[in-house]
Amino acid sequence: MAAKPPKISALNPGKLSPRVWFYSSLLALQYGALPIISKRFTRLEVIVTSLVLTCEVAKVVCSLILMAKDGSLKKLTKEWTLMGSLTTSGLPAAIYALQNSLLQISYRNLDSLAFSMLNQTKIIFTALFTYIILSNRLSIQQIGALFLLIIAAVLLSIGEGSSKGSSSGDPEQILFYGIVPVLVASALSGLASALCQWASQVKKHSPYLMTIEMSIVGSLCLLGSTYKSPDGDAIRRHGFFYGWTPLTLIPVVANALCGILVGLVTSLAGGVRKGFVLVSALLVTAMLQFLFEGKPPSVYCLVALPLVISSISIYQKYPYQVKKKEA
């Protein structure tokens, strides 16, 4: 008998189903390892657009396989409409396409742990856009937790912007090609995450189908941008798979599976609560960086890491409580 598709239910901050814990654990492991995998198996001459487009194709293939397994693929032809697809997935797809390109640039210019920690600022933007779009309020403790996260990001930015706290001797390159892209990507991620949460919880859109739709729309946006972009010129001159090796498929598949897991966790647990999962990802990144690169975290990372962990933990522990009106 086919497995049942994930059921989107009302959020319960104090209790998560075993299915959510399973998806969250996989996401933490994959997300934490992704920066190191990308660095180790992607050559510098690989064209970013070709990498992102191939990853989107891999997401579609994986999602179709999962939909076929749970039986929801048969209902696709009866329930799917173009207008519904554009309404729920069009804008997030375009946003994620730009975000992925920025992340690929940042991977190559930032320390793995520094990248992962700066990427946590997406929680701030997710909380902001979730409040705007879904009217999800924050408690006093949660607001304080987000400020702790901002302080951690500032500390890390100072450390990465100095020659002593970086892995490169060019502070400007680290700032403009490492820190700025990941922060812009975090803002875009917050907006897209809130839109996806709205689609899955309000519009009851399947997370697998949403992944397919966003991948297709995002790929079309990227293909359109290659008409006059530097990456488009590089593809026309050198070919789509210039600089690729068989090992390049490893980060492509890992990124695709990670994208599917992000959609599932966002649908089942909410965009902001997904941040709790990313605490474990930070620890995974730090451990793998030390094991495979032999490079311990910088002083700024060591100072910022407990701030990040504390801020996300406080956010999860003290949710907003609706005040009961007196009779």
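**Exercises on bonds and burial**

A search of the whole structure finds zero disulfides, a disulfide being a pair of cysteine sulfur atoms within 2.5 Å. This is a predicted model, in which local features need pLDDT of at least 70 and side-chain atom pairs count only at pLDDT 80 or more, while totals for chains, interfaces and linings use all residues. Residues are numbered from 1 along each chain as its sequence is written, and side-chain values use heavy atoms, without hydrogens and water.

**Exercise 1.** Determine how far the nearest cysteine sulfur lies from that of C62.

*Solution.* The nearest cysteine sulfur belongs to C55 and is 9.1 Å away. The cut-off is 2.5 Å. C62 is in no disulfide.

**Exercise 2.** Describe the salt bridge between E56 and K59.

*Solution.* Step 1: a salt bridge requires a side-chain nitrogen of Lys or Arg within 4 Å of a carboxyl oxygen of Asp or Glu. Step 2: for E56 and K59 the N to O distance is 3.6 Å. Step 3: both residues lie in helix α2 (residues 48-70), three residues apart, about one turn of the helix; helices are DSSP runs (H or I, at least four residues), numbered from the N terminus.

**Exercise 3.** Classify S219 as buried or exposed, and state its contacts.

*Solution.* Step 1: buried means under 20% relative accessible area, exposed over 50%, and partly exposed in between (1.4 Å probe, protein chains only). Step 2: S219 counts as buried because its relative accessibility is 12%. Step 3: leaving aside neighbours within four places in sequence, S219 is in contact (heavy atoms within 4.5 Å) with L53 and E56.

Technical notes:
Helices (H or I, at least four residues) and strands (E, at least two) are DSSP runs, numbered from the N terminus.
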